[in-house]
Amino acid sequence: MKEKLNSFEKEIKFFEMLVDGLPGIFYIFDKNINMVKWNKNLEKVTGYSGREVVELTIPDVIAGDDLERVQKTVEDMFETGFGSTEALLVTKDGTRIPYFFSGITTVIEEKAYFMGVGLDISKRKQAEDELRESEALYRMFAERMTEGVMIFSNFKIIFANDVFMSMFGYTDQKQILGTDVMDLVADGFQMHFKEMYDFLQKGMNNERSFQARWVTREGREIWVEGCGNSIQWKGEPTVLLTARDITEIKQKEISMQEEADNLRRENIKLRSSIKDRYRFGEIIGKSAAMQKIYEQILNAAATNANVVIYGESGTGKELVARAVHETSKRSGKMFVPVNSSAIPENLLESEFFGHTKGAFTGAHSDKQGYLDLADGGTLFLDEIGELIPSLQAKLLRALEGGGYTPVGGSLPKGSDFRIISATNKNLRELTQNGKIREDFFYRIHIIPIYMPPLRYRKDDIPLLVEHFLGLYSSENNILTIPGQVLETLINYNWPGNVRELQNVLQRYFAVKHLDFLEPANGRTGVFNKAEIQKEFTPAYGPGLQESIGMPEKSSAFSNTSKDQNNDLAQLDEAISTHIRRALELAKGKIEGPGGAAERLGINPSTLRNKMKKLGVLYGWEKRNSHP
C-alpha cells in the first residue's frame with residue numbers, strides 16, 4: 001500500500017512538473033467555473049498570486065466584447081466536449097494580451113471538469129495587423145496612381161484600380177475580378193505575355209517591360225505599354241502590372257516617317273522660294289533682315305524646342321510666334337497667348353493652372369487654366385520678364401514633366417505644351433538681377449529670334465503701306481497715298497515700329513494729315529548704323545547684328561555713295577509702283593476729276609515730269625513706245 005502511495009505521489013509530481021513546463025497557461029475548472037488547478041505561468045502572466053487565482057472568475061480576466069463570446073464557448077464545451085476561441089486576457093495591472101484558448105472536458109469521479117491551455121498570439125496578431133495595414137496602404141497607393149494597376153495570380157485578376165478599369169471600359173470591380181487576364185490580350189501578343197508571366201513566376205526576372213495590343217470590354221484594340229513585377233500576395237507568387245494607353249503615341253509613330261518626309265519636302269520647297277517671298281503668314285517684308293527671320297521661323301518650327309523672341313514694342317513678336325506655331329506639327333492644337341504683365345499676382349496660379357469648384361470665393365465651377373488649353377499646342381508668354389519667380393518654378397516643373405495641380409485640387413495633371421515667349425528686355429540681365437530664375441532662363445532660351453525694328457528695314461515700308469492700303473480700302477473707297485507722303489513715311493525713324501506705322505496711316509486716312517509721335521531720343525531723320533547698334537545691342541544682345549545682317553563696321557546710311565544710291569533706287573522703285581497704282585485706279589487718266597494727279601495730290605505737269613524721269617509709261621505713251 002505504501003509503495004502504491006509513493007508511486008501515486010511521484011505521478012502527481014510528474015504531472016505538476018509537466019503542467020508547469022507547458023508553454024502558455026494551463027488551467028482546470030469545474031462546471032461552476034471554479035478554478036481547480038493551474039500552472040505557474042498563469043500566475044506569472046496575469047500577475048495574480050496563487051491565493052488570488054482561486055477566487056478568479058471569467059469576468060475578472062476577460063472583458064469587453066470578448067466576455068460574452070468566451071462564456072458562450074465555455075457553456076458549449078461542456079455540451080460538446082471541446083472548444084476554442086480567441087480573446088484578450090486582462091492581467092492584474094489592466095494589460096490586455098491577445099490569447100488563443102482551447103481545451104476539452106473530462107469526467108472524474110462523476111464530476112465534469114474542463115482542461116485547457118492558452119497561448120499568447122501577440123506576435124501573430126501584430127503581424128496580421130501589419131499585413132492588413134500594408135495591404136490597405138498598397139491598395140490606397142494603387143487607387144491613386146495615374147497609371148493603370150492590375151494584380152493577377154495564375155492568370156486570374158484579383159485587383160484592378162479605377163484607372164485600369166476605365167482604360168478597358170469596366171465600371172465596377174465585380175466585372176473584372178476573376179477574369180482571365182489573357183482575355184484582355186489581343187491575338188498575336190498572347191504568347192509573348194505568357195512568356196513574360198513564366199519568367200516572373202519562376203524568378204528568372206523580378207521585372208519585365210512589355211508593349212502590346214490589348215482588347216477592351218467593347219472589343220476595341222488599344223496599344224498598352226507597361227511593366228510587370230513579381231511580388232508575394234497573401235503568400236502566393238503574383239504579378240503586379242502597371243499599364244498606360246499609348247494608342248495615340250503608336251499611331252503617331254506609324255505615321256511619323258511619312259510626316260517627316262512631307263515636312264522635309266515642304267521645308268525644301270519653302271527654302272527654295274523664300275528669297276522671293278514678300279510675306280510669311282501675316283508677317284510682311286522682303287528685306288534681307290526679314291528673309292533671315294523667315295529662315296529662323298522655319299528652323300524653329302521644325303523642332304519642339306522652346307523659343308524666345310526679342311524685339312522692341314510693335315515689331316510683330318506675336319506674329320512671329322503664331323507663324324512658328326502654325327508651321328510646326330503643333331498647328332492642329334491651340335495657340336494660347338498670355339500677357340504676363342496683365343494678370344494680377346493673386347490670380348496667376350488660377351489663370352495658368354486652373355481651379356476647382358469652391359477653391360476660393362467666386363469659384364462656382366471648375367475652370368481650365370492656360371496649361372490645360374495649351375495641351376498639345378503652344379503657350380505664348382508675352383512680356384515673360386514680368387513673371388514672378390515662384391510661378392517660373394512651377395512652370396519649369398510642368399515643362400520638365402513634373403505636372404501641376406489646379407488651385408483647390410489634390411491630383412496632379414500633365415500638359416504637353418511648348419513655350420514661345422517674347423520680351424523687349426534683356427533676360428540675361430534679369431537673370432543676373434534675380435528677377436528670372438537661372439534654370440527657367442536656360443529652359444526657355446533655347447532658340448532666340450531677334451526682331452529688327454522698322455528703322456532697320458525701311459525698304460519694307462512701301463510693302464507695309466501697300467498692305468494697310470488694301471486693308472482699309474473698300475469697294476466704294478479705294479485709298480491711295482501721295483508720293484511725298486510715302487517719301488516722308490520712309491524717312492521717319494518709327495520708334496513705335498509697325499504698330500506706329502499702322503496708327504499713323506489710320507489717322508492719315510481719316511484726317512488726310514500726317515501726325516508723327518516724337519522719337520524717344522527727340523530726333524528725326526535716319527539714324528547712323530553705329531548709333532543703332534549702340535542703342536539696340538545692350539537691350540537684346542549681340543544676336544541682333546547677325547539676325548538683321550548688319551556689318552561689323554558701322555557707317556552712316558547716307559555717308560557713302562553706295563548706300564546713298566541703294567536708298568535712292570529703293571525709293572524710286574516705291575514711287576514708280578505708287579504712280580502705276582494711281583494710274584490703274586484712274587484707268588490711265590492723268591488730269592481732271594478722278595485722274596491720277598488728283599489722287600496723288602500733285603500737279604498734272606509734275607506727275608508727267610515724274611513719270612518721264614522714272615520711265616513710267618502708261619496709256620498713249622506706252623502704246624507708242626519702242627522696244
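The second largest cavity has a volume of about 30 Å³. A cavity here is a set of points, on a 1 Å grid over the protein atoms alone, where a 1.4 Å probe fits but cannot get out, and its lining residues have an atom within 4 Å of a point. The volume is the space filled by probe spheres set on the points, which are joined across faces, edges and corners. This is a predicted model, in which local features need pLDDT of at least 70 and side-chain atom pairs count only at pLDDT 80 or more, while totals for chains, interfaces and linings use all residues. Residues are numbered from 1 along each chain as its sequence is written, and side-chain values use heavy atoms, without hydrogens and water.

The second largest cavity is lined by Tyr197, Leu200, Gln201, Ser230, Pro237, Thr238 and Val239. Two or more of its lining residues come from each of α9 (190-201) and β10 (236-245); such helices (H or I, at least four residues) and strands (E, at least two) are DSSP runs, numbered from the N terminus.

The largest cavity has a volume of about 380 Å³. Of its 24 lining residues, Tyr27, Phe29, Ile58, Val61 and Phe101 are the closest to its centre. Helix α5 gives the largest share of this lining, 4 residues.

A nonpolar core is a set of buried Ala, Val, Leu, Ile, Met, Phe, Trp, Tyr and Cys residues joined through side-chain atoms within 4.5 Å. Buried means under 20% relative accessible area, exposed over 50%, and partly exposed in between, with a 1.4 Å probe and protein chains only. This core has 31 residues, of which Phe152, Phe164, Phe193, Trp214 and Leu241 touch the most other members. Beyond its neighbours within four places in sequence, Phe164 is in contact (heavy atoms within 4.5 Å) with residues including Ile176, Trp214 and Leu241.

The whole structure holds 22 salt bridges, each a side-chain nitrogen of Lys or Arg within 4 Å of a carboxyl oxygen of Asp or Glu. In one of them, the closest N and O atoms of Arg69 and Asp66 are 3.0 Å apart. These two residues are separated by about one helical turn, because they lie 3 residues apart in helix α5. Arg69 is partly exposed at 36% relative accessibility, whereas Asp66 is buried at 12%. Lys413 and Asp372 form another salt bridge, which links parts of the chain 41 residues apart.

Terms used. On a 1 Å grid over the protein atoms alone, a cavity is a set of points where a 1.4 Å probe fits but cannot get out, and a pocket is an open set with protein on both sides within 12 Å along at least five of seven lines; lining residues have an atom within 4 Å of a point.
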